[in-house]
Amino acid sequence: MEIIYEDAEVLVAVKPAGVESEEARGLAPDMVNLVRKQLAVAGKVQPYVGLIRRLDKPVAGLMLFGKTPAAAAALSKELQAKKMEKCYRALVLGKPAEKSGRFTDWILQDKKENISRVVPKGTPGAKEAELTYRVLRSKFIGGKQVTEVELELLTGRRHQVRLQFASRNLPLLGDRKYGVSFPEQESLFGYGGLCLAATGLSFTHPKTRKRLRFRWEPAFKIAP
């Protein structure tokens, strides 16, 4: 776990791929307990750790935590008001028709099967999902076109990025749930997992009210 920024109110850290965001059962590592261990001081009361931004287990990248209940409440409120900027980087198989654009869908989550589906607007239980994207670069690798895209989430639905791109025949590399097999992936990118990373985060500091912005570069960037 890499800590990007920390003060008395907030902490920004990089979640490795394969680590749970929330407290996990058993001995598997999770970000809440890793941060708690980092903040712990011998002989002191267990530190408060408020998880603000969650990432799917296979996704690497920036996560935000509140170090006090008041800070966590203020950050959560900002997140719910859609005032927090969340940028991602992804590698997709294929290439979008436009260099930039917006995806808007209605997504229905099946908690029993742990999967989400794009459904018609008005479907009971469905929630609107929206993101914007822009193409950074594209090249043919192993006879297949691979495109690196940067995107901003305007909503935060479960599996949203993976599902919205896959539903447009642009599956993310390494996505075993919604994607396809791409044998060259691990050797070419040295990653071996889902090629989706939370690379940008911007929010208002709960105490100083200053706007903070953070960037992190993923390991799977393709050469220009």
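**Strand β11 and the chain around it**

Reader: What makes one face of strand β11 (residues 211-215) covered and the other uncovered?

Author: The covered face has L212 and F214, and the uncovered one has R211, R213 and R215. Buried means under 20% relative accessible area, exposed over 50%, and partly exposed in between, with a 1.4 Å probe and protein chains only. Strands here are DSSP E runs of at least two residues, and helices are H or I runs of at least four, numbered from the N terminus. In a regular strand, side chains alternate between the sheet's two faces.

This is a predicted model, where local features need pLDDT of at least 70, side-chain atom pairs count only at pLDDT 80 or more, and totals for chains, interfaces and linings use all residues. Residues are numbered from 1 along each chain as its sequence is written, and side-chain values use heavy atoms, leaving out hydrogens and water.

Reader: How do you know that β10 and β11 pair?

Author: Two strands pair if DSSP finds at least two bridges between them. Strand β10 (residues 196-204) has five bridges to β11, so they pair, and they run antiparallel. One of the bridges links L201 with F214.

Reader: What sits between the strands of that hairpin?

Author: Six residues, and R209 takes a positive phi near 70° in this hairpin.
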